[in-house]
Amino acid sequence: MKLDLLAFASHPDDAELGCVGTLLAHKAQGKKVGVVDLTRGELGTRGTPETRAQEAADSARILDLDARENLGLADGFFRNDEEHQRIVIQAIRKYQPEIVLMNAIHDRHPDHGRGSQLVSEACFYSGLRRIVTLDQQGNEQEAWRPKAVYHYIQDRFISPDLVVDITPYWEKKVEAIRAFKTQFFTQETADSNEPATYISSPEFLRFIEARALELGHAIGTTYGEGFTRERFIGVSNLFDLI
């Protein structure tokens, strides 16, 4: 399935926290959107790979994604090397996205910056026809390079190069985040016996909203998601930027 917009995430729930409002905004415009999770999040303090897979599936249904898959790379131990780049290249060539969103260029969790670099380089190499990859049926894939790549902003604040208005989609974004019941605070899991973590407190979700309010305020809306770019954004009509 060809997608217009594809988000890569080092862990299930990264995209929910960083960029699903943007996916929803483009879905509403008739674009096809999807998420590819690099790992199963198996090193997470709370939950299991199985519960996180179910939560990712629940979130995908809430968001009405056109595609979601998990590449099964080793949480915490994947590397930006040829082996892992080829796996990501296969996913890029499978979905042929026009635009790719990916993790923050650097962040509190080392996997975020590493995943960002891995996907960024794979996007370039995916366009080289002499790098041969095969699809699941054993057929050679067509070389494909996205037209643009952007990095969403996660825990550490990074000054954005652009901000997307997600105000109409904020409640749906929150619903998708709360689908990860083992990871984030909900009334249903408030009495969980699992260890408390940095992201499991009610305060963390308030921080996520505060960040979205700050970015929305910067562009004169209520809620926003921010992104950094790797190259200059070029337009032929300034009114495209309004």
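A search of the whole structure finds five aromatic pairs, where rings of Phe, Tyr and Trp (its six-membered ring) pair if their centres lie within 6.5 Å. This is a predicted model, so local features need pLDDT of at least 70 and side-chain atom pairs count only at pLDDT 80 or more, while totals for chains, interfaces and linings use all residues. Residues are numbered from 1 along each chain as its sequence is written, and side-chain values use heavy atoms, leaving out hydrogens and water.

**Aromatic rings**
- Phe 124 and Tyr 125 pair edge-to-face, at 5.8 Å centre to centre with 75° between the planes; planes over 60 degrees apart count as edge-to-face, under 30 as stacked and the rest as tilted.
- Phe 184, Tyr 198, Phe 204 and Phe 207 are linked into a cluster by ring pairs.

**Charges over rings**
- Arg 145 lies over the face of Phe 124, 4.3 Å from the ring centre.
- The charged end of Arg 114 sits over the ring of Phe 78, at 5.0 Å from its centre; the criterion is NZ of Lys or CZ of Arg within 6 Å of the ring centre and within 35 degrees of the ring normal.

**Nonpolar cores**
- The largest nonpolar core has 32 residues, and Cys 19, Leu 23, Leu 65, Leu 101, Phe 184 and Phe 227 touch the most other members.
- Such a core is a set of buried Ala, Val, Leu, Ile, Met, Phe, Trp, Tyr and Cys residues joined through side-chain atoms within 4.5 Å, with buried meaning under 20% relative accessible area (1.4 Å probe, protein chains only).
- Apart from it lies another core of 23 residues, including Val 36 and Met 102.

Methods. Buried means under 20% relative accessible area, exposed over 50%, partly exposed in between (1.4 Å probe, protein chains only).
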